[in-house]
Amino acid sequence: MRGGVTPPPLVETIGRAFDLPEQVIDVFWIGDRALFATGDGSVRAHDGGGEAWTREGVHDGALLTACPGLGEDILTGGDDGRVAAVDATGEVTTLGAFKGRWIEALAASRTSRLAAVGVGKEVAILGTGGEKHRFAHDATVTGLAFEPNGRRFAAAHYGGVTVSWAASPESRRKKLDWKGAHLSVVWTHDAKFIVTTMQEQALHGWRLQDGQHFRMAGYPAKIRALSFTSDNRWLASAGAQEVVLWPFQGANGPIGSNAAVAGELATPCTAVRCHPDRAVLAAGGMDGELILLPVANAGAGPSKALLIDPPHGARVTALAWSADGRRLAFGCENGRAGVLDFTDAL
Amino acid sequence: MTKAAVPPYIPAMTAPIPVTVLTGYLGAGKTTLLNRILSEPHGKKYAVIVNEFGEIGIDNDLVVGADEEVFEMNNGCICCTVRGDLIRVIEGLMKRKGRFDAIIVETTGLADPAPVAQTFFVDEDVKAKTTLDAVVTVVDAKHLPLRLNDSKEAEEQIAFADVILLNKTDLVSPAELAAVEAAIRAINRYARVVRTERSNAPLDTVLGLGAFDLERILTVEPDFLNPPHGEDGHVHDEHCGHDHHYHHGHHHDHAAPSAIHDATVKSVSLSTEQPLDDRKFFAWYQTLLQQQGQDILRSKGILAFKDEPRRYVVQAVHMMADGDHQRPWRDDEPRRSRLVLIGRNLDAHALEQDFASCVAA
């Protein structure tokens with residue numbers, strides 16, 4: 001127990017919390033609106049003033065995944081086999097429909113204006129004009145990510161990762177093998193490294209240039225989130241009470257280096273998101289506790305956290321910083337959600 | 001001074017959703033049973049995970065096709081395989097609005113039940129949000145003898161079962177039926193056998209069994225299932241009245257001989273009325289599962305530890321074990337520990353001795 005005066009949580013001083021009727025799958029900012037994708041198949045927009053709009057039935061059934069879209073919109077995938085695009089005004093369009101499939105893996109690039117959709121063992125590439133072509137994989141594709149320039153995408157699956165050129169199915173593809181089930185995948189900002197989360201509660205990484213690979217293990221819980229700091233120096237990871245940071249500053253990435261700790265939650269971290277500009281990150285835990293941590297002194301041990309939202313018993317499932325870094329949105333498994341404005345605070 | 005705000009978000013303590021795993025050879029009657037479960041007016045909402053869309057009636061329920069994708073876990077545990085597709089489907093079901101009363105997982109006829117069962121021990125979300133209620137195996141009374149002799153899977157499906165639906169009993173003579181049941185008993189003494197004709201078992205013998213099924217370990221006397229000593233099918237155990245520990249020159253393999261199938265899988269039951277030392281027990285059990293987990297298909301038990309008022313319930317699939325303290329022992333029930341092991345190459349005598357050495361000093 002800490003003594004002294006505890007400052008009120010930031011959500012009470014510079015933000016607003018509210019209850020959504022269903023669990024939050026993910027959240028993204030489009031301009032000054034936070035778009036919450038919820039499990040009941042709806043998308044709900046909130047801004048500083050309150051609820052802007054709600055679109056129910058974006059999916060007929062469960063909304064399983066969401067990602068930033070091809071432009072000023074988000075994409076959602078559902079167990080109705082549809083990929084929908086929802087913009088800041090609440091306009092919903094269908095980007096693709098895959099009958100009988102559950103859409104659980106989805107990624108898009110604003111730069112190349114392409115989306116990748118996991119359809120069983122295939123990845124369908126969609127543009128604004130519809131499906132372009134498909135890529136076959138060795139096993140069901142469970143995670144997708146575009147490199148920052150949007151040209152290549154990485155697909156995580158059982159047995160490793162396959163990297164393909166999204167616009168040219170005839171081009172040479174790169175297979176990065178590692179035994180085990182790979183669930184999600186991220187690229188470093190400089191596209192030099194790829195990192196996956198694994199069913200085995202470990203991370204696996206590859207250096208693209210030479211295929212050198214490395215294992216980052218020791219997590220007591222499922223690793224549900226990864227986020228690189230804006231300067232690409234650190235990879236922040238969920239999966240432990242400590243927010244674990246892996247160094248990516250050198251040419252070797254974390255090979256031969258130790259992890260650092262940004263700070264600690266009371267329960268295993270389930271969501272983490274680095275600020276797009278400053279050396280801070282938001283991290284949420286299994287019990288709903290949400291904190292703000294500095295990354296600047298990473299390596300020097302855990303630093304003092306600012307409480308954003310106190311624990312309430314349900315895990316934090318979604319976190320998003322606005323592009324300008326002024327706003328933060330969060331959502332939880334029990335529907336608790338909030339938006340904060342850091343304009344005067346950071 | 002204002003008091004710190006108490007968060008109004010007290011989470012709904014939702015009980016884990018029970019999952020029934022349905023196994024059995026093609027043609028044994030799985031689909032008939034599934035159709036009955038889905039069509040009977042039970043007022044429940046089920047999610048059924050099938051390996052392909054068959055002719056299954058859908059009303060209030062959800063039927064999901066899965067692709068039986070078996071993952072080997074890269075965690076140093078050689079027999080640890082899980083169903084990756086099942087993890088994804090269950091995660092997806094948990095995102096839907098509204099709850100299911102139960103989930104039923106159908107496996108293909110040739111499937112090894114271990115990956116399905118192990119999925120419930122390995123994945124954090126699946127473990128937290130669902131509970132393995134029972135493995136139900138449908139067998140065809142007419143064709144089981146043939147299946148047992150030509151496939152390892154048929155034997156394993158019986159070994160894994162908590163409930164065995166002995167179906168199509170109208171197609172065999174009473175003598176054949178008795179022989180088939182003895183063959184089942186030789187493999188798995190602790191499953192409940194329900195005789196049916198067209199998979200017409202009362203649903204409460206198939207679904208929602210939960211703890212009840214573990215209770216069977218304690219409450220059903222093996223003698224009840226056991227033909228008398230000296231008769232075909234008799235299983236030597238602690239109730240058969242001769243002393244095991246000093247009875248040499250006679251191998252107690254605890255497998256009832258069966259006229260129609262030479263079982264390689266058998267059941268061993270260990271029990272004691274003396275309280276166990278929890279540290280000794282876990283050290284032994286963990287080592288046992290590590291060393292012989294490939295051969296031990298299932299184990300389950302209810303244990304009484306010294307100075308512990310609550311019952312400890314444990315179950316394992318191969319090397320993956322999961323256990324917890326449950327309700328306190330009642331005054332009117334004997335504090336008897338029992339552990340049941342079903343598997344291959346089990347040395348009952350050695351197991352009995354090892355188990356006895358876990359008794360608290």
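**Strands, a helix and a contact between two chains**

Me: In β7(A), which residue is the bridge partner of C67(A)?
Reply: Strands here are DSSP runs of E with at least two residues, helices are runs of H or I with at least four, and both are numbered from the N terminus. In β7(A), C67(A) finds its bridge partner in L75(A).

Me: What pLDDT do side-chain atom pairs need to count in this model?
Reply: Residues are numbered from 1 along each chain as its sequence is written, with chains lettered from A and ligands numbered from 1 in the order in which they are written. The model is predicted, so totals for chains, interfaces and linings use all residues, local features need pLDDT of at least 70, and side-chain atom pairs count only at pLDDT 80 or more.

Me: Why is β6(A) largely enclosed by the rest of the structure?
Reply: A residue is buried with 20 or more other C-beta atoms within 10 Å of its own, exposed with 12 or fewer and partly exposed in between, the C-beta atoms being placed from the backbone. Strand β6(A) spans residues 63-68 and is largely enclosed because its buried residues number 6 of the 6.

Me: Is D133(B) buried or exposed?
Reply: D133(B) sits in strand β7 of chain B, residues 130-140. Residues are in contact if their C-beta atoms, placed from the backbone, lie within 7 Å. Leaving out residues up to four places away in sequence, D133(B) touches P18(B), V19(B), T20(B), G208(B), L209(B) and G210(B). Its C-beta has 25 others within 10 Å, so D133(B) is buried.

Me: What length does α7(B) reach from its first C-alpha to its last?
Reply: The expected span of a helix is 1.5 Å times one less than its number of residues. Helix α7(B), residues 174-187, has 14 residues; close to the expected 20 Å, its reach is 20 Å.

Me: Which element gives the most to the side of chain B that touches chain A?
Reply: The contact takes 28 residues from chain A and 18 residues from chain B. On the chain B side, α2 (84-95) and α4 (124-129) are the elements giving two or more residues. With 5 residues, the one that gives the most is α2(B).

How values were computed. Two strands pair if DSSP finds at least two bridges between them. Two residues are in contact if their C-beta atoms, placed from the backbone, lie within 7 Å.
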